[in-house]
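Please have the sequence and the coordinates at hand while reading.

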Amino acid sequence: MNHDLHMDPDEFRRRGYEMVDWVADYLVNIEQFPVTSPVAPGQIRKALPDTAPEQPEPFEAVMRDLDEIIMPGITHWQSPHWYAYFPANSSGPSLLGEIAAAGLGVQGMLWSTSPAATELETVVVDWMADLLGLPRAWKTTAQGGGVIQMSASDATLVALVTAREQAAGPVDRLVVYASDQTHSSLEKGARIAGFQHVRAIDVDAEFAIDIAALQDAIAADKAAGLVPAFVCATVGTTATTAIDPVRAIAETARREGMWCHVDAAYAGSAMICPEFRHHQDGLELVDSYTFNPHKWMLTNFDCNIYYVADRQPLLNAMSILPPYLRNEATLSGEVIDYRDWHVPLGRRFRSLKLWFVLRHYGAEGIRAFIREHVRLAQDLAAKITADGRFELVAPHPFGLIVIRHVDGDAATTRLAKRLNDSGKVAVTPTTLGDMAALRISIGSTRTTAGHVNQLWSLIDEMA
Ligand SMILES: Cc1ncc(COP(=O)(O)O)c(C=O)c1O
């Protein structure tokens, strides 16, 4: 190979500074773009060549195409006018941590493949357990532990596999329970893990699981010869941020010998503020828990944390040690090999960006950030309630409010479409049962009271 083809250190340095400028300029100018990309399906693909380049191309050409071809197809998740789905917020320190991780380019699959990648991860997940007020037993210093992986979907899959391995019956008789508001990753994970019975349990008026309906379903399944094996409680459901009663679910799980998993993908970040922790009372009774710093904690995607109360069942379910991975440190039993804690072998150095974020903002900085979003959401909810043209369809304990036009489904759907078509904001239309609703999720890094006022003016104008 011609080594002149590599980007030499001086060019890398120059291009690197330009790239940082590019990202900084993008974030400064982000409000100039339509929040949601207006391109038609296939438009970006058509603008790109059918085949990869045979010959090297100048870096300038790549950057030009980034600006001219790729940027029109970007939906601006980092816009302060982003109110769709849940946030996927990021921050300067997180991006810089990501650059450092990419620069080091380590594969942290085993302790021995980069000791710092493992040990920093252990420290950061243990810090987070304390910061979120999670049970002390979940720390690596006790019998539990946490691991950083890509997504909450991965975490839930791992929980399901672990539960399957220690369940008292063959997989075709095991049953998984969750409310009908549970994220689809539960059903997907159950399917991948081979479960054949997944029960979507009814919810109450506030979209939290109906515990009596859960118990009835369990009794019916047992009477039919099936084996209850897994129950998922969600703290902050995707549609409305409803909160399942963790303690009651976990007590039921203990009685029935089921694994109890808590999905706090979005709301988990709020637990850094003690005033929200009562929403997940009962955690000391659950087996596993997951949340996404990549949603609401200033850490760019991907960064999920999965905790277990006891790491042994997880390791029993996931550990395989082929000869080529054997090494002295692993065999000594003195180190953690995180490859045993999730599905893939290879693993990115994700703890670095989270460590940068925690050190840059400090816990107090992150608390202030979360509290401000919740305050903005509560203020907007108050305005919407006072207006008379809208109703709130669910409680709004965090940064999400879900509204509906009093004129009904068509008016609600029309409002969502007008808001999104304006290019000025992004919201998510949804349905709850068969009722149309509109989700407004406040949590973007740069969203201020001024932005939320602009959103309210648009709603007022377009309703
Ligand atoms: C409650 C809940 N669980 C799980 C997920 C899936 O998260 P991920 O994309 O990290 O798999 C989401 C995504 O919004 C969610 O809201």
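How far apart do the C-alpha centres of domain 1 and domain 2 lie? The C-alpha centres of domain 1 and domain 2 lie 35 Å apart. The model is a predicted one, in which local features need pLDDT of at least 70 and side-chain atom pairs count only at pLDDT 80 or more, while totals for chains, interfaces and linings use all residues. Residues are numbered from 1 along each chain as its sequence is written.

**Overall fold**

Domain 1 covers 3–86 and domain 2 covers 106–348, with bounds that come from an automatic or database domain assignment. The protein chain holds 15 helices and 11 strands, where helices (H or I, at least four residues) and strands (E, at least two) are DSSP runs numbered from the N terminus. Its radius of gyration is 24 Å, close to the 23 Å that the globule rule gives for 463 residues, so the protein chain is as compact as a globular protein of that length; the radius is taken over C-alpha atoms, and the rule is 2.2 Å times the number of residues to the power 0.38. Along the principal axes, the C-alpha atoms fill a box of roughly 70 × 65 × 45 Å.

Buried residues make up 44% of the 463 residues; a residue is buried if 20 or more other C-beta atoms, placed from the backbone, lie within 10 Å of its own, exposed if 12 or fewer, and partly exposed in between. Of the contacts with a separation of 6 or more, 73% join residues 24 or more positions apart, a contact being two C-beta atoms, placed from the backbone, within 7 Å.

**The nonpolar core**

The largest nonpolar core has 120 residues, of which Y83, A229, V231, C260, I403 and V427 touch the most other members; such a core is a set of buried Ala, Val, Leu, Ile, Met, Phe, Trp, Tyr and Cys residues joined through C-beta atoms within 7 Å. Helix α13 (residues 351–387) gives the most to this core, with 14 residues. Because domain 1 and domain 2 both give residues to this core, it lies between them. Leaving aside residues up to four places away in sequence, Y83 touches V425, A426, V427, I440, S441, I442 and L455.

**The ligand shell**

Of the 14 residues around the ligand, S151, S153, H183, T238 and A265 come nearest, where a residue counts as near if its C-beta atom, placed from the backbone, lies within 6 Å of the molecule. The shell divides into 4 nonpolar, 9 polar and 1 charged; Ala, Val, Leu, Ile, Met, Phe, Trp, Tyr, Cys and Pro count as nonpolar, Asp, Glu, Lys and Arg as charged, and the others, Gly among them, as polar.

Most residues other than glycine have a negative phi, and most peptide bonds are trans. A cis peptide bond joins F301 and D302, with omega about 10°, and D302 lies in the loop between α10 (293–296) and β7 (304–308).

Y85 is partly exposed, with 17 other C-beta atoms within 10 Å, whereas T241 counts as buried, with 28 C-beta neighbours inside 10 Å.
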